[in-house]
Amino acid sequence: MLSAFSHSNLHIPKHIFLKRFISNNVQQETVKNQSRFSRYVLGGSIIGTGAFASYHYLLDSQQKRKIRINLQSVRRAARSFYLGIKIAADYKWNLWGLDDNSDEYNNNIKECHLRSANKLVDICIKNGGLYVKLGQGLSTMNHILPKEFYVTLRKLQSQALRSEGNDIDELFKEEFNKLPSEIFKEFDYKPLAAASLAQVHKAVDYEGNEVAVKLQYIDLQDRFVGDVFTCRCILEMIGFAFKNFNFSWVLDELKDTLEKELDFINEANNSKRCYNELKNLNFVYVPKVFDNLTTKKILCMEFINGVKISETTEIKKMGLDLKEIDEKLVKMFAEQIFNTGFVHADPHHGNIYIRTKEGTKNKAEIVLLDHGLYDTITEDDRKNLCKLWKYIILKDENKMKYYSSKLKVQEKYFMIFSAFLSMRPLHRPIHDKFIFNSDWVKMTEKEKEDAIQQGKFRLPSTKEFKKMNKEEIKEWRAKFKPYIDELKDDITKVFQQFPRGLLLVFRLFWLLRHINHGASNEPNVGP
């Protein structure tokens with residue numbers, strides 16, 4: 001056959017013909033294989049889709065919900081990792097080759113901080129749930145985060161999810177195998193309040209008690225591990241690109257607190273313990289918990305009529321004294337920090353209500369709500385904290401140094417630690433090179449000369465700063481910058497040293513400063 005073809009009019013040499021013959025056969029076989037593979041893929045897809053649809057049809061609503069959550073988790077993770085890469089690239093690109101002490105570096109890094117913070121807000125809102133809660137937690141850390149971050153992240157304080165009627169019914173079925181109408185005489189599906197983890201509904205039980213029912217968003221616990229892991233990766237990516245943004249450790253603290261907040265049985269137990277430990281303060285009230293109507297995702301408690309501590313106009317209409325309220329507030333938290341060691345760690349305005357104490361006309365009673373997040377200070381740490389506070393007031397630096405070290409803070413950082421704890425200026429500057437103006441004017445000329453030779457300098461008074469022009473301020477800023485940068489590094493080290501339990505205490509002090517109605521200049525929370 002080959003011979004016949006080779007002697008045809010085509011006059012094709014045998015080796016070329018053979019090559020074409022084999023090539024054509026190979027191509028035909030390849031086309032057949034591809035067609036066969038396509039049919040297999042199409043058939044497998046149809047069979048697989050049908051099998052999954054059948055499997056999905058046989059699942060109950062809870063199992064279907066978990067499959068949906070897993071698919072959504074992949075999408076949230078992809079979106080978040082993409083954002084982390086963009087933020088890291090932003091820092092690398094805009095700070096590349098710049099001198100840390102230059103004005104251009106300072107301006108660029110502030111712009112990077114602001115852009116990054118806005119991106120984080122957007123991603124938290126898109127992803128919802130735990131992302132919003134984590135962002136809210138970061139927004140309260142104004143003692144360690146750059147201003148651009150904690151100010152921008154405060155936008156998340158007003159963000160909250162909403163559970164629809166179907167989700168509410170499904171949650172009750174999962175927890176009690178009953179609908180709300182089967183458990184309560186009355187149940188209002190419209191929430192009284194909503195936050196990042198839960199929302200609160202008003203109801204009436206069959207004994208006629210008005211109750212507040214706190215419902216956790218149904219999928220949060222299923223999302224927890226994956227969302228926290230993704231958030232940690234994002235922070236580490238930013239920290240890799242920007243060496244001064246080493247705050248992934250903060251997420252470890254927030255992770256622990258979130259695990260506690262997602263367990264409403266834990267919150268119920270905290271509430272009862274708080275009641276027992278504060279019952280000696282007759283101006284504090286903790287609402288009753290209904291254990292038979294409480295699970296890990298549903299909390300039922302006594303309904304409280306009162307006003308938020310921030311609603312000063314309404315408080316005044318009630319004839320109550322703001323100064324008295326501030327003093328009682330400080331006493332209440334001082335009792336927890338310095339005596340019991342069991343500390344409410346989320347005392348924002350929405351968790352503290354004020355009402356007139358029963359049997360009085362103008363005496364205020366503080367109602368403490370939301371007991372999901374507490375911190376326990378060990379007895380040794382509590383005693384050492386009391387001692388440190390005492391010697392801060394007495395200005396005894398040797399004892400301040402000693403008790404700082406007892407709280408795991410290196411002695412060389414005791415002034416920084418004490419300043420953050422007291423939330424007010426100490427008897428001398430926290431950096432050894434600084435001298436207060438009030439101390440400088442008391443020094444002799446010889447003492448001033450010695451101080452200057454040692455590289456120390458006087459800090460301008462507040463009046464002097466206000467009178468400075470832009471060039472003078474710029475000159476002082478350049479002079480201060482090396483020391484401020486040194487202090488920033490030291491502050492980060494301090495927060496990594498002291499017992500983790502005290503981190504929430506610091507947060508409590510900062511929140512107390514914001515809650516304080518201005519009746520006094522500083523909230524005195526000392527023992």
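Let me start just after helix 16, where methionine 423 takes a positive phi of about 60°; helices here are DSSP runs of H or I with at least four residues, strands are runs of E with at least two, and both are numbered from the N terminus. Please keep in mind that this is a predicted model, in which local features need pLDDT of at least 70 and side-chain atom pairs count only at pLDDT 80 or more, while totals for chains, interfaces and linings use all residues. Residues are numbered from 1 along each chain as its sequence is written, and side-chain values use heavy atoms, with hydrogens and water left out.

Helix 16 itself covers residues 414-422, and nine of its nine residues are buried, where buried means under 20% relative accessible area, exposed means over 50%, and partly exposed lies in between, with a 1.4 Å probe and protein chains only. The buried residues of helix 16 include Phe414, Ile416, Phe417 and Phe420.

What does helix 16 meet in helix 20? Ile416, Phe417 and Phe420 of helix 16 meet Leu487, Asp490, Ile491, Val494 and Phe495 of helix 20, a contact being heavy atoms within 4.5 Å. The axes of helix 16 and helix 20, the latter spanning residues 470-497, come within 10 Å and cross at roughly 75°. Helix 16 is therefore roughly perpendicular to helix 20. For reference, axes are lines fitted to C-alpha atoms, for helices over the stretch in contact, with angles running from 0 to 180 degrees between N-to-C directions; angles under 35 degrees count as roughly parallel, over 145 as roughly antiparallel, 65 to 115 as roughly perpendicular, and the rest as oblique. By class, the contact of helix 16 with helix 20 has seven nonpolar residues, no polar ones and one charged one, where Ala, Val, Leu, Ile, Met, Phe, Trp, Tyr, Cys and Pro count as nonpolar, Asp, Glu, Lys and Arg as charged, and the others, Gly among them, as polar.

Now to the cores. The largest nonpolar core has 65 residues, and Ile337, Ile354, Phe417, Phe498 and Leu502 touch the most other members; such a core is a set of buried Ala, Val, Leu, Ile, Met, Phe, Trp, Tyr and Cys residues joined through side-chain atoms within 4.5 Å. Helix 13, residues 322-340, gives the most to this core, with eight residues. Leaving aside residues up to four places away in sequence, isoleucine 337 touches Val343, Ile377, Arg382, Leu385, Val505, Leu508 and Phe509. A second, separate core of 33 residues includes Leu95, Leu120, Tyr131 and Leu235.

Tyr131 is also one of the residues touched by serine 80, together with Ile123, Asn127, Thr230 and Ile234, not counting residues up to four places away in sequence. Serine 80 is found in helix 3, residues 61-95, and is buried, with a relative accessible area of 0%.

Is glutamate 365, in turn, buried or exposed? At 6% relative accessibility, glutamate 365 counts as buried, and this residue of strand 10 touches, among others, Asn282, Tyr353, Ile354 and Arg355, again not counting residues up to four places away in sequence.

Turning to the loops, aspartate 370 lies between strand 10 (364-368) and strand 11 (374-376) and has a positive phi of about 55° although it is not a glycine. Asparagine 177, in the loop between helix 7 (165-176) and helix 8 (180-183), has a phi near 60° and counts as exposed at 66% relative accessibility. Lysine 190, in the loop between strand 1 (186-187) and strand 2 (193-194), is exposed as well, with a relative accessible area of 62%.

For the chain as a whole, the secondary structure comes to 21 helices and 13 strands, and buried residues make up 44% of the 527 residues. Among contacts with a separation of 6 or more, residues 24 or more positions apart account for 65%.
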